[in-house]
Amino acid sequence: MEVSQLLRRKIVILDGAMGTSLLARGHKGALELLNVEAEADVVALHEEYLKAGADIITTNTTCADALCLSQYGLAERSYELARAGAQIARCEADKYSTTEHPRLVAGSVGPTNRNLTLANDTTPEALAEAYAAVIRGLIDGGVDIILVETVMDVRNAAVAIEECRKINKEIPIIVSAVLSRIEGRVANGATIAKFLEDLPMEEIAAIGFNCTNGVKPLESAVKMLSASCQKPIIAYPSAGQPVTAPNRFAKELEQLCRAGMLNIVGGCCGTTPDHIKEIKNHLKDIKPRVF
């Protein structure tokens, strides 16, 4: 089933946190290395999210780019680790997928540890090379979607989208930004309207926000986005500090869904399979946003 068809049929459930969940289980360092050195642990987490009801699982590749991996001496393994992460997720999604309940894989492409607007130690060309290796690995590994997530700088996102389209003209691209503490602005200070203006929106299948400290900080931004954008909208906030209980987290997301503003929901840092299970239970009778 195509992504656009699925988004019209139901509110789609994205999985929860990969990174913080793996850290909570005792892993350290380059978590993407687990894709080849501790595959069973990554498989187990994917399975927990699938059993909880996730329609889309994300790959363990948020920091699989060469810029992030270089601090561990792993820059040259970017493609390998991205492809391995995609293959693991693909295998698990296929195990749980049925005609009535298809399961998809989103290839996670993180922001890297450079911000083009501010960094003086990288170039657009170097960033493009780093993104290309990850995206090629994800697509070769069999993902259904490219998820350009935790975006802090629209210039980074634009480079990632451009590289993706060089590699594959058709694969759906979802973009998710981090919000500033200043209402109505993304992390680099741009207004939401300016953020949208600077993105190649014709290439984007869905857009929205992730991270933040809980659901509440997302509300006004989602309302602004819903009023100004005709694309499907995604929201997957962090569970907050301190961690928001699964039932409360799901109830807060439910309010946005009942207002007709969301198409994809899930969780970022701190969210667990229990959070995803509660989200699924709360949203099962709610229709998706019309786009």
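Residues are numbered from 1 along each chain as its sequence is written, and side-chain values use heavy atoms, with hydrogens and water left out. Because the model is predicted, local features need pLDDT of at least 70 and side-chain atom pairs count only at pLDDT 80 or more, while totals for chains, interfaces and linings use all residues.

Q: How many disulfides does a search of the whole structure find?
A: A disulfide is a covalent bond between the sulfur atoms of two cysteines. Here it is counted as a pair of cysteine sulfur atoms within 2.5 Å. The number found in the whole structure is 0.

Q: How far away is the cysteine sulfur nearest to that of Cys257?
A: Cys257 counts as buried, with 1% relative accessibility. Cys257 is in no disulfide. The nearest cysteine sulfur is in Cys229, at a distance of 16 Å.

Q: At what angle do helix α4 and helix α6 pack?
A: Helices (H or I, at least four residues) and strands (E, at least two) are DSSP runs, numbered from the N terminus. Axes are lines fitted to C-alpha atoms, for helices over the stretch in contact, and angles run from 0 to 180 degrees between N-to-C directions. Helix α4 (residues 39-52) and helix α6 (residues 78-96) have axes 10 Å apart, and their packing angle is about 35 degrees.

Q: Which word describes how α11 and α12 lie to each other?
A: The axes of α11 (residues 246-258) and α12 (residues 273-283) come within 8 Å and cross at roughly 40 degrees. Angles under 35 degrees count as roughly parallel, over 145 as roughly antiparallel, 65 to 115 as roughly perpendicular and the rest as oblique. The two helices are therefore oblique.

Q: What covers the buried residues of α12?
A: The buried residues of α12 include Ile276, Ile279 and Leu283. Contact means heavy atoms within 4.5 Å. Among the elements covering the buried residues are β1 (12-13), α4, α11 and β8 (264-265).

Technical notes. Buried < 20%, exposed > 50% of the residue type's maximum accessible area, 1.4 Å probe, protein only.
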